[in-house]
Amino acid sequence: MVNSLEIAPSILGGDHSALGESVAQIKNAGLKWVHFDVMDGHFVPNLSFGPGLLKALKKKFPDMFYDVHLMLDNPHLYIDAFADAGADLIAIHAEPDYPIASTLDNIHSAGKKLGIVFNPKTEIGAVIPYLPRVDLVLVMSVQPGFGGQKFNPVALEKIERLAKLRDELKLSYRIEVDGGITAENVAECISRGCDTVVAGTEFFKNGEALISAANSAIK
Ligand code: DX5
Ligand code: ZN
């Protein structure tokens, strides 16, 4: 594997009355990445968390790595807010109409890692222009907006193509998958080349089995 395996539990799947506890659970499971889903009610039909919550969690658990997934029509307007709040990586979607390249510049100038995300219905061509400069490509395996959906296997071919391209282009971006990941399908994602696994529902329900299935899939 080019990169170490990281499991990034999504606190969207945690207990919303005690999200600090959810981060503590992630830490106690020996994990470092926290997947933080931000939704605007426009790009996706749901609302979730803002920079205030991120800031509070970063203050309480400063050693965790905050993997911020912006599901926003206007992500460029919120980069500074999430960077200041403590994001370690900020991933922006390829679909909405906004200046993607300059938004990546902004994330870079804020000293954060860069991610580009694309939906199940979006072709891989939408992210290819950004591959040389991003730290992570996030492959959605559900239509974003809600936790607890079923994994769409269209993600598997995309993971495989991204791994092949990474090799051909001599790059080292991470390949992350998000949506419907379970102890049953995580090994298949890893064997196709995914090194960063988001899991909401499954981590908080069946975390040990998920982690052990993921670890045993590493070549
Ligand atoms: C979906 C979010 C996901 C979600 C994953 O819009 O981007 O991160 O929390 O949840 P599960 O693992 O339950 O599909
Ligand atoms: Zn997400």
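These legends describe close-up views of a predicted model.

**View 1. Tryptophan 33 and phenylalanine 65 form a stacked pair.** A search of the whole structure finds three aromatic pairs, and this is one of them. The ring centres of tryptophan 33 and phenylalanine 65 are 4.3 Å apart. Their planes meet at 25°, so the pair counts as stacked; the cut-off for stacking is under 30 degrees. Tryptophan 33 belongs to strand β2 (residues 33-39). Phenylalanine 65 belongs to strand β3 (residues 65-71). The pair thus links distant parts of the chain, 32 residues apart. Both residues, tryptophan 33 and phenylalanine 65, are buried.

**View 2. Phenylalanine 36 and phenylalanine 49 form a tilted pair.** The distance from centre to centre is 5.4 Å, with 45° between the planes. Phenylalanine 36 lies in strand β2, whereas phenylalanine 49 sits in the loop between β2 and α2 (51-60), so the pair ties together parts 13 residues apart in sequence. Phenylalanine 36 and phenylalanine 49 are both buried.

**View 3. Helix α4 (residues 100-109) has buried residues on one side.** Ile100, Thr103, Leu104 and Ile107 are buried. They cover an arc of only 100° around the axis, which puts them on the same side of α4. His108 and Ser109, on the other side of α4, are exposed.

Definitions and conventions
Residues numbered from 1 in each chain as written. Chains lettered and ligands numbered in written order. Predicted model: local features only at pLDDT ≥ 70, side-chain atom pairs only at ≥ 80, totals over all residues. Heavy atoms only, no water. Phe/Tyr/Trp six-rings, centres within 6.5 Å; stacked < 30°, edge-to-face > 60°. Helix = DSSP H or I, 4+ residues; strand = E, 2+ residues; numbered from the N terminus. Buried < 20%, exposed > 50% of the residue type's maximum accessible area, 1.4 Å probe, protein only. Arc of directions from axis to C-beta.
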